[in-house]
Structure formats: C-alpha cells, structure tokens
Amino acid sequence: MTKPGNFSVNNKRIQQLNGKKMERGPVIYWMSRDQRVNDNWALLHALELAGNMDTSVVVAFALTFSFPGANLRHYAFMLRGLMEVERKLTAKNIPFRLITGDPPGSLAALAEKIRAGAIVSDFDPLKIKKEWKSELVKRIDIPLFDVDAHNIVPCRAASDKQEFGAYTIRPKIKKLLGEFMVEFPELPSFEKGSGSWMLTRSDEGLNTGHGGEIYSGPGNEVSAGTTDWEGIKKRLFASISTEVGEVDRLVAGEDAATEMMNGFLSNKLAVYNDKRNDPNADAVSDMSPHLHFGQISAQRIALEILKVFPKDPNTDSFLEELIVRKELSDNFCHFNPNYDSFEGFPEWAKTTLNSHRKDEREYIYDTEEWELAKTHDPLWNAAQTEMVTKGKMHGYMRMYWAKKILEWTSSPEKALETAIYLNDKYELDGRDPNGYTGCAWSIGGVHDRAWGERPVFGKIRYMNDKGCRRKFNTDLYIGTNRD
Ligand code: FAD
Ligand code: FO1
C-alpha cells in the first residue's frame with residue numbers, strides 16, 4: 001500500500017497558525033466550513049502530512065449547539081450532509097469523529113486523547129471561526145494549519161488587503177486562476193488495518209465501548225465507530241429553536257449537490273445570463289446552500305464548466321458570480337472585522353448616510369412587521385415570504401429586499417441589524433460571508449459607488465418596485481409567493 005506523500009496541495013493555500021513543531025501522532029482534520037470528502041484541499045493536506053509522518057488521519061467535526069443564528073432549518077440540512085461525510089469516509093477507512101461541546105475545548109480534548117501530532121483546519125473569514133482558532137492555539141502544543149479549501153484562488157493569495165470592489169479583485173484573481181484552477185488529485189482508499197494508515201494504538205482508547213460514545217470532558221463527547229446520529233439529533237433539536245421549519249425542496253449532501261450541479265449545467269446554464277435576474281424564471285443554480293456548508297467545491301463546479309462548455313456570456317456571467325463575487329465576499333469579511341456593522345461601510349457611504357439620518361421615513365416598520373411580511377409593499381412581502389417558506393430568496397430580490405429595509409427603518413444601523421437577523425434566521429445559505437457582504441452592499445454601498453443623492457439613501461444605490469416591474473413580471477412573483 002503506497003502512502004500518498006504528496007497531493008500537490010499548493011502551499012499558498014496553507015497557513016500555520018502557531019509556531020509548534022509536528023510530533024509523531026495522528027493528524028486531525030478539523031472539518032468545519034468544507035463539509036465534504038471529495039475535492040477538499042484541507043483533507044488532502046491532512047493526508048499528505050500524515051503520509052509524510054507515517055501516521056494516520058482522523059476527521060473530526062466539532063458540533064456546537066449554539067451557532068449564532070442557526071436553527072432547525074440549518075442544522076437539519078447540515079447534519080444530513082455530515083452523515084454522508086461519515087459514510088464516504090468510512091468507505092475509505094478514514095475515521096470520522098463527531099465531537100460536541102465548545103469547539104476549541106473539544107478539539108483540544110480530542111488531540112490530547114489520541115496524542116495527535118497536528119491539526120488541519122479549513123479557512124473561514126468569519127469572526128466566530130477566527131475566535132475558535134485563536135482559542136484552540138492557546139490549548140495545544142502541536143501545529144494548527146489552516147487550509148483554504150473554499151476559494152479557488154485562496155483568499156490570502158488573491159490580495160493582502162480589503163478590495164474596493166469586483167473591478168479591483170477581478171484582475172488579481174484572473175492572474176492566479178491558471179495556478180489554482182487545477183484538477184483535484186484522486187482521494188485514495190485506505191485498506192483496513194493497512195499498517196500506519198490505521199489509527200495508532202491511542203485511537204483504540206476512543207472506542208471504550210460506552211455505547212459507542214466516550215466523554216472526553218464535561219459536556220464534550222466523542223463518537224466512536226459510527227456516530228449515534230439519532231441521539232445527537234434528539235439532543236440538538238431539543239436545545240435549538242425549531243420555529244423555522246426544514247426546507248425539503250433542496251436535498252442536502254455531496255451526492256445531491258453534484259446532481260444539482262449537473263442539472264444546472266445541462267438545463268439552466270444556457271439561459272443564465274438572460275434570465276438570472278428574473279425571479280420568476282428558474283434560471284439560477286440554487287447551489288448556495290450546498291456551497292455555504294461546503295458540500296460541494298466551487299472549484300469542482302468551475303472545472304466542470306470549463307471542461308465541457310464553450311466560453312460564452314452564460315459561462316462568463318456565472319463564473320463571475322461563482323468566483324469573483326463569492327471570493328470578494330471572503331476578502332471583505334477576512335480583512336474587515338466590521339463586516340456586519342455600520343462601521344464596516346466605506347467612508348463615503350457613512351458620510352452620506354449620516355447626512356440623511358434625520359430625513360423623514362415614509363414608513364417605519366419594526367422587526368416583527370418585517371418578519372411577518374406585514375408592510376404596505378406586496379413586492380417586499382413576497383420576497384420575505386419566499387425566504388421564510390422556501391428557505392432561499394431569489395438573488396435579485398435580495399437587493400430590493402435589503403434596500404427597502406434601509407428606506408423604511410429608523411436608522412442604517414437598525415436596517416443592517418434587521419437584514420442580517422432575518423437573512424441568517426431564514427436563508428438556508430445564511431450565516432455566510434456572502435450574506436454579510438450582500439447586506440453591506442445593499443445598505444452601506446460596500447463594493448459599490450456613489451449614485452445620485454436622494455432622501456434617506458443619500459448616494460447609496462436606490463432600487464424601487466418600478467425598476468423591478470421593468471425587469472420582470474412582479475404580479476406573477478407576488479402571486480407565487482403569497483403566504
Ligand atoms: P447563482 O446565481 O446560481 O450563483 C452561483 C453562486 O455564485 C452562488 O451560490 C454564490 O456562491 C455565488 N454568488 C452569486 N451571487 C453572489 C453575490 N451577489 N455575492 C456573492 N456570491 C454570489 N449569498 C449567500 O450565499 N448567503 C447569503 O446569506 C446571502 N445573502 C445575501 C443578502 C443580500 C442582501 C444580497 C444582496 C445577496 C446575498 N447573497 C447571499 C448573495 C447572492 O444573492 C446569493 O449567493 C445567490 O442568490 C445564491 O443563489 P444561487 O446559488 O442560486 O445563485
Ligand atoms: N461549523 C462548525 O464547525 N460547527 C458547527 O456546529 C456549525 C454549525 C452551523 C450551523 C449553521 C450554519 O449555517 C453553519 C454552521 N457552521 C458550523 C459553520 C459552517 O460550517 C460554515 O463554516 C460557516 O457558516 C460559513 O463560513
């Protein structure tokens with residue numbers, strides 16, 4: 001059994017977050033943002049580290065019951081994807097461990113328990129993940145690596161600062177695409193008991209036979225062998241909000257994501273450029289929930305397009321969204337810690353919004369009226385209803401939806417807070433850098449320019465229902481999204 005020592009994971013994807021030296025012991029891949037087995041540079045790097053050190057790999061997912069803004073709708077989708085991850089890893093004889101409790105603590109406990117030699121995490125620009133990693137670094141004496149498995153061009157390679165907009169990051173990304181848009185190496189299978197690729201003796205310690213679960217510390221549990229998903233779900237669903245129902249329109253998991261990608265490429269890509277801004281046309285990929293949970297790699301989607309489809313306005317505009325827009329969001333969140341507050345807006349936007357703070361608002365709604373879609377505007381109510389009932393608002397409507405919240409709320413801060421609250425509570429793809437950036441673009445002019453000045457908006461780009469009516473059949477959209 002040859003040990004794959006090198007999966008050609010480009011070094012520019014990898015950053016070591018502490019100065020510790022590799023020790024002899026299993027390598028933990030701490031799966032978090034990129035919840036998939038195939039096309040996962042972080043998993044591949046953990047395997048190549050383990051191969052070079054002649055040791056084994058354990059994939060661990062630290063499940064917290066209190067992920068901000070997350071509820072039944074999101075956890076149900078995520079857990080379904082994780083169950084498939086465990087099945088796929090087990091088929092390759094790569095052990096998977098679901099650990100619960102506070103992630104930094106439970107990771108440190110697992111590393112201690114199996115005397116791990118290193119931990120590999122996946123890059124995530126959100127503050128919560130940076131906090132988890134800096135907390136973990138304080139509790140371990142082994143290397144913690146961070147691998148960008150989410151972006152085609154790694155966020156830290158594309159730029160070393162916050163970019164002004166798509167027009168400034170696009171050339172930087174395009175210049176590097178040749179280096180990073182490569183085919184993924186095949187993920188090998190590891191025969192059971194194949195010498196060093198099996199877990200070291202210490203892992204046996206995990207399987208202590210307490211019904212398959214051991215407790216590595218108060219509140220921290222480590223599954224062993226196959227995870228007791230029903231038990232986990234029972235405990236999790238008893239402790240989170242179940243007010244927002246599951247979305248059954250979209251099937252979770254890596255296989256379903258691949259099927260959806262193939263369906264989009266063969267049936268919808270050809271009309272994407274013309275129809276993508278028409279919420280009545282089923283012309284967009286619907287891939288954002290699977291991308292958010294990392295159940296498919298954006299690089300996989302791009303590779304499949306470039307392999308099969310000729311360069312044309314449809315592929316260009318889809319890849320612009322999938323690569324430039326999506327990676328611009330990571331750039332914004334990574335370099336701007338105020339990505340979810342008024343402070344994070346560009347200076348010109350703060351100035352203009354400040355000078356219109358006292359403007360008379362034609363309407364002022366409170367959170368409950370927004371949440372229950374009880375405004376005077378049937379088009380806005382339809383967009384809110386689409387998000388609440390289907391778990392995914394059409395991209396064009398998200399801009400209109402957020403801009404009306406700015407127009408009919410007492411302050412820009414309240415507007416941003418309301419938009420993020422509703423977006424993260426109801427969007428299956430919420431709690432994502434794309435969402436914080438989308439709200440900041442709509443309300444605070446991030447990545448946009450100044451437009452003609454008007455009440456409340458100042459020079460922030462304005463949208464109204466007349467503009468929507470010119471673009472698509474608003475009555476049809478309202479009719480299909482009635483509560
Ligand atoms: P497609 O048009 O098929 O695009 C394919 C992929 O490209 C998307 O899945 C996404 O990864 C990326 N993409 C497309 N548009 C954008 C964009 N404007 N910015 C960044 N990436 C983009 N996206 C989220 O993933 N989560 C959110 O919570 C979210 N909230 C938003 C809130 C507002 C106010 C706005 C204006 C935009 C928001 N977006 C969010 C961005 C965008 O609307 C969605 O990514 C898109 O609608 C997802 O649907 P799709 O996958 O069918 O899109
Ligand atoms: N990541 C984790 O590592 N552990 C979790 O328990 C967890 C829960 C969760 C719930 C909803 C949600 O939308 C995301 C969640 N994430 C969790 C993070 C997710 O994996 C993504 O990394 C980020 O949300 C996107 O950057």
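The following dialogue examines a predicted model of a protein chain with two ligands.

Tutor: Residues are numbered from 1 along each chain as its sequence is written, and chains are lettered from A and ligands numbered from 1 in the order in which they are written.

Student: Which radius of gyration does the protein chain have, and which value would a compact globule have?

Tutor: The radius of gyration is taken over C-alpha atoms, and the globule rule is 2.2 Å times the number of residues to the power 0.38. The C-alpha atoms fill a box of roughly 70 × 50 × 40 Å along the principal axes. For 483 residues a compact globule would have a radius near 23 Å, and the chain agrees with 23 Å.

Student: What percentage of the residues of the protein chain count as buried?

Tutor: A residue is buried under 20% relative accessible area, exposed over 50% and partly exposed in between (1.4 Å probe, protein chains only). The chain contains 21 helices and eight strands, where helices (H or I, at least four residues) and strands (E, at least two) are DSSP runs numbered from the N terminus. Of the 483 residues, the buried share is 60%.

Student: Among contacts between residues at least 6 apart in sequence, what percentage join residues at least 24 apart?

Tutor: Contact means heavy atoms within 4.5 Å. Among the contacts in question, the share joining residues at least 24 apart is 80%.

Student: Is helix 3 largely enclosed or largely open, and how many of its residues are buried?

Tutor: Helix 3 covers residues 103–113. Its buried residues include Pro103, Gly105, Leu107 and Leu110. Helix 3 is largely enclosed by the rest of the structure because the buried count among its 11 residues is nine.

Student: Is serine 159 buried or exposed, and what is its relative accessible area?

Tutor: Serine 159 lies in the loop between helix 5 (155–158) and helix 6 (166–180). Beyond its neighbours within four places in sequence, serine 159 is in contact with Lys172, Asn331 and Phe335. Serine 159 is buried, and its relative accessible area is 5%.

Student: With which side chain does the side chain of serine 159 make a polar contact?

Tutor: A polar contact is a pair of N or O atoms within 3.5 Å; within protein, one must be able to donate a hydrogen and the other to accept it, and residues adjacent in sequence count only if both atoms are side-chain atoms. The serine 159 side chain reaches the backbone oxygen of lysine 161 at 2.9 Å. Its side-chain partner, at 2.6 Å, is glutamate 163.

Student: Which helix supplies the largest share of the shell around ligand 1?

Tutor: A residue is near a molecule if one of its heavy atoms lies within 4 Å of it, and 27 residues surround ligand 1. Helices 11 (288–292), 13 (313–335), 17 (395–407) and 19 (433–444) each supply at least two residues of this shell. The largest share, six residues, comes from helix 13.

Student: What percentage of the area that ligand 1 exposes when taken alone does the protein bury?

Tutor: Oxygen atoms of ligand 1 lie 2.6 Å from a side-chain N or O atom of serine 285, 2.9 Å from a polar side-chain atom of lysine 392 and 3.2 Å from one of asparagine 434. Taken alone, ligand 1 exposes 820 Å², of which the protein buries 91%.

Student: What percentage of the area that ligand 2 exposes when taken alone does the protein bury?

Tutor: Of the 20 residues around ligand 2, the nearest include Ser32 and Lys129. An oxygen atom of ligand 2 lies 2.7 Å from a polar side-chain atom of aspartate 124, and histidine 292 has a side-chain N or O atom 2.7 Å from a ligand 2 oxygen. Accessible areas come from the Shrake-Rupley method with a 1.4 Å probe, where for residues only the protein chains shown count as cover. Ligand 2 alone exposes 520 Å², and the protein buries 100%.

Student: Does valine 456 count as buried or exposed, and at what relative accessibility?

Tutor: Valine 456 has a positive phi of about 65° although it is not a glycine. Valine 456 belongs to the loop between helix 19 and helix 20 (465–471). Valine 456 counts as buried, at a relative accessibility of 6%.

Methods. Heavy atoms only, no water.
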